[in-house]
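Subject: Structure for you to look at

Hello,

Here is the structure I promised to pass on. Please open it first, then read my notes beside it.

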Amino acid sequence: MTVAQRTVAIILSEDGREVLRLAAVNIPESGAVLMHVQDSDDLGLWVQTPREDGEHLLLVRWEYVLSIDFPIGETRTIGLRI
Amino acid sequence: MNISVQGFRTSSADWDAVKNLSDDQVPPLSPEQREVARKMGIPEGDYARSALAGQRTMERMVLKTERFAMYLHERFKEMAPQAKVDSVALNTWDGRFEVSVAVGDRSIPIRIAEELVDDYFDSGSPEMGRRLDYVLSLAMHAQVA
């Protein structure tokens with residue numbers, strides 16, 4: 001399974017929260033951080049983050065990720081008459 | 001023919017399109033969604049934008065699956081007229097289309113990489129079309145033989 005191309009709620013470790021603050025990413029004081037994952041690889045999650053000059057990609061290393069949550073969604077089914 | 005999409009995904013394009021919408025430009029959350037956002041400490045506006053982007057991506061994926069189903073219907077008319085496409089499902093978890101084709105009283109499952117279909121639809125290149133045909137004929141021959 002891949003989390004790429006999904007908007008997910010990430011629970012970060014305290015170190016992870018500190019790293020994001022160092023990277024000047026606005027995150028809430030507590031709770032999950034909602035982020036759009038562009039891609040993921042062995043290093044971690046590549047997430048989109050807005051900067052003053054536009055969107056940037058930021059690596060959130062796996063070691064800082066405690067948990068990831070996103071809705072599974074319901075299967076959408078339609079009938080097609082041919 | 002049944003067309004379905006399993007799973008939830010948010011394309012970057014749809015996320016980009018909604019991320020700067022103000023809270024009053026996005027559909028309100030349901031009470032259940034509001035509760036989830038509260039429990040997780042996610043601002044309601046952010047949760048609503050995420051839900052809207054996911055909804056838009058879902059609509060695109062349904063359309064893509066429908067388009068692919070039409071393509072399969074036409075291809076099988078040429079390649080295997082005795083075959084009838086029963087269902088086409090896009091499984092977003094492993095990025096594959098799961099197709100069920102009926103040949104007589106048999107049901108043949110075929111799995112096709114979403115990436116291959118995207119590449120063909122995006123490029124329209126004859127080479128991609130041949131690769132897709134190859135996957136289809138391989139699956140049909142393997143099951144029918």
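Start with one pair of residues: B:K84 stands opposite B:A102 in β3(B). The strands involved are β2 (residues 83–91) and β3 (residues 96–103) of chain B. Eight bridges join them, and they run antiparallel. Two strands count as paired if DSSP finds at least two bridges between them. Strands (E, at least two residues) and helices (H or I, at least four) are DSSP runs, numbered from the N terminus.

A word on the source. This is a predicted model: local features need pLDDT of at least 70, side-chain atom pairs count only at pLDDT 80 or more, and totals for chains, interfaces and linings use all residues. Residues are numbered from 1 along each chain as its sequence is written, while chains are lettered from A and ligands numbered from 1 in the order in which they are written.

The sheet

β3(B) also pairs with β4(B), in the antiparallel sense, over eight bridges. There, B:E98 stands opposite B:R111 in β4(B). β3(B) and β4(B) form a hairpin, with two residues between them. B:G104 sits in that turn and has a positive phi of about 60 degrees.

Now cross to the other chain. Strand β6 (residues 76–79) of chain A is joined to β1(B) by four bridges, and the two run antiparallel. A:R76 stands opposite B:V5 in β1(B).

What is the order of the strands in the open sheet of five? It is β6(A)-β1(B)-β2(B)-β3(B)-β4(B), with mixed pairing. β6 of chain A and β4 (106–113) of chain B stand at the edges. Each has a single partner strand, so one side of each is left without a neighbour in the sheet. On average, neighbouring strands are turned by 20 degrees against each other, direction ignored.

The helices

α3(B) packs on the sheet. It touches β6 of chain A together with β1, β2 and β3 of chain B. Its direction makes about 155 degrees with that of β2(B). Helix α4 (residues 114–123) of chain B packs on the sheet too, touching β2, β3 and β4 of chain B. Its direction makes about 70 degrees with that of β4(B). Axes here are lines fitted to C-alpha atoms, for helices over the stretch in contact, and angles run from 0 to 180 degrees between N-to-C directions.

Next, two helices together. The axes of α2 (residues 31–40) of chain B and α3(B) come within 9 Å and cross at roughly 125 degrees. α2(B) and α3(B) are therefore oblique to each other (under 35 degrees is roughly parallel, over 145 roughly antiparallel, 65 to 115 roughly perpendicular, the rest oblique). The contact is made by B:Q33, B:R34 and B:A37 of α2(B) and B:E44, B:Y47 and B:A51 of α3(B). Contact means C-beta atoms, placed from the backbone, within 7 Å.

Where the chains meet

The contact takes 28 residues from chain B and 24 residues from chain A. On the side of chain B that touches chain A, β1 (2–6), α1 (12–18) and α3 (44–79) each supply at least two residues. α3(B) gives the most to that side, with ten residues.

Chain A

Chain A has one helix and six strands. From the N terminus on, its elements run β-α-β-β-β-β-β. Its C-alpha atoms fill a box of roughly 55 × 30 × 25 Å, taken along the principal axes.

Best wishes

Notes:
Contact = placed C-beta atoms within 7 Å.
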